[in-house]
Amino acid sequence: MVLFRHELSCGKHMLWIWSAIISGMLLICILVYPEMKQQMTDISGMFADMGAFSAAFGMDQLNFGEFIGFFCVECGNILGLGGAFFAALLGISSLAKEEKEQTAEFLLTHPIRRQNAVLQKFAAILTQILILNGVVSIVTMAGIAFIQETPDYGTLALLCFAYLFLQIEIASICFGVSAFLSKGGLGMGLGLAAVFYFLNIISNLLDKMDFLKYVTPFSYTEGTFIVTEGRIDGPYFTVGVILALAGILTAYYWYPKKDIA
């Protein structure tokens, strides 16, 4: 597990920076909620009448006067996009950086199989994602306790789990892509996460593009469905699990066959 610990050590600064940024922004949103609570009831009705724009962001079926509705839209976008970008950066650089930074020769001459190296690297990615979400959850609970709100914690847990798996799926897909790269691909990783986000918006705007929901992991994180149904959308989540496994298996089987420059 030497490589696993090395990966955690190398990524600790980025992990704590992203954890501080995401949890800090979430905390600010939570703390301003009491000041906005009264106005949010009126804003909910206004947003519900904005047609396609409201549907695109799931604001037509949520009550902003309730904390859970406010959390879905305001905090959900922060955790969704921020977490997606963080996961994409981890996944896309994990394998490719060995060639980019010219450390592959040093790594692969050690008595460690490439398959084992892949597994240890992905384990480090997964651990960092879990730590980030652990910090975010602690800060979120502290913020909720401070403003003395009592949301439906079951629904809140479902939302947090959905965003956690969104990050795992994006990291897995980018991890699979990373096995084919040799010069890094940070722009590609961030771009992929952004494309997933906008594909979900497009699928909400246009009924004929509804099939895109099976492509983007943001489909099963929509607060509208989770709050109203009390569960994560099964079909979309199942596809997400399949895509995540495909990314991991791609890296596991391709990287050992790859010619390292």
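In which helix is Met25 found? Met25 is in helix α1, residues 2-48. The model is predicted: local features need pLDDT of at least 70, side-chain atom pairs count only at pLDDT 80 or more, and totals for chains, interfaces and linings use all residues. Residues are numbered from 1 along each chain as its sequence is written, and side-chain values use heavy atoms, with hydrogens and water left out.

**Figure 1. The whole protein has 10 helices and 0 strands.** Helices (H or I, at least four residues) and strands (E, at least two) are DSSP runs, numbered from the N terminus. Of the 261 residues, 47% count as buried, where buried means under 20% relative accessible area, exposed over 50%, and partly exposed in between (1.4 Å probe, protein chains only). Carbon and sulfur atoms hold 66% of an accessible surface of about 12,500 Å²; areas come from the Shrake-Rupley method with a 1.4 Å probe, and for residues only the protein chains shown count as cover. Among contacts (heavy atoms within 4.5 Å) between residues at least 6 apart in sequence, 78% join residues at least 24 apart.

**Figure 2. Ile17, Ile21 and Met25 form a nonpolar surface patch.** Together these residues have about 280 Å² of accessible area. Patches are made of residues with over 30% relative accessible area and no salt bridge, like charges being joined within 9 Å and nonpolar side chains (Val, Leu, Ile, Met, Phe, Trp, Tyr) within 5 Å. Met25 counts as partly exposed because its relative accessibility is 43%. An α-helix has 3.6 residues a turn, so residues three or four places apart point the same way.

**Figure 3. Glu7 and Lys121 form a salt bridge.** A salt bridge is a side-chain nitrogen of Lys or Arg within 4 Å of a carboxyl oxygen of Asp or Glu. A search of the whole structure finds 2 of them. In the pair Glu7 and Lys121, the closest N and O atoms are 2.9 Å apart. The pair links distant parts of the chain, with Glu7 in helix α1 and Lys121 in helix α6 (residues 114-147), 114 residues apart. Glu7 counts as buried because its relative accessibility is 6%, and Lys121 counts as buried at 1%.

**Figure 4. Lys213 pairs with Glu222 in a salt bridge, whereas buried Glu169 has none.** The closest N and O atoms of Lys213 and Glu222 are 3.1 Å apart. Lys213 counts as buried, at 8% relative accessibility. Glu169 is in helix α7, residues 153-178. For Glu169, the nearest side chain of opposite charge is Lys213, 13 Å away; Lys and Arg count as positive and Asp and Glu as negative, while His and the chain ends are not counted. Leaving aside neighbours within four places in sequence, Glu169 is in contact with Pro217, Tyr220, Gly240, Leu243 and Ala244.

**Figure 5. Phe161 lies in helix α7.** Phe161 is partly exposed, with a relative accessible area of 39%. Beyond neighbours within four places in sequence, Phe161 is in contact with Ile232 and Phe237. Phe161 and Thr221 are 60 residues apart in sequence and 8.8 Å apart in space, C-alpha to C-alpha.

**Figure 6. Gln148 has a positive phi of about 60° although it is not a glycine.** Most residues other than glycine have a negative phi. Gln148 is in the loop between α6 and α7 and counts as exposed, at 68% relative accessibility.
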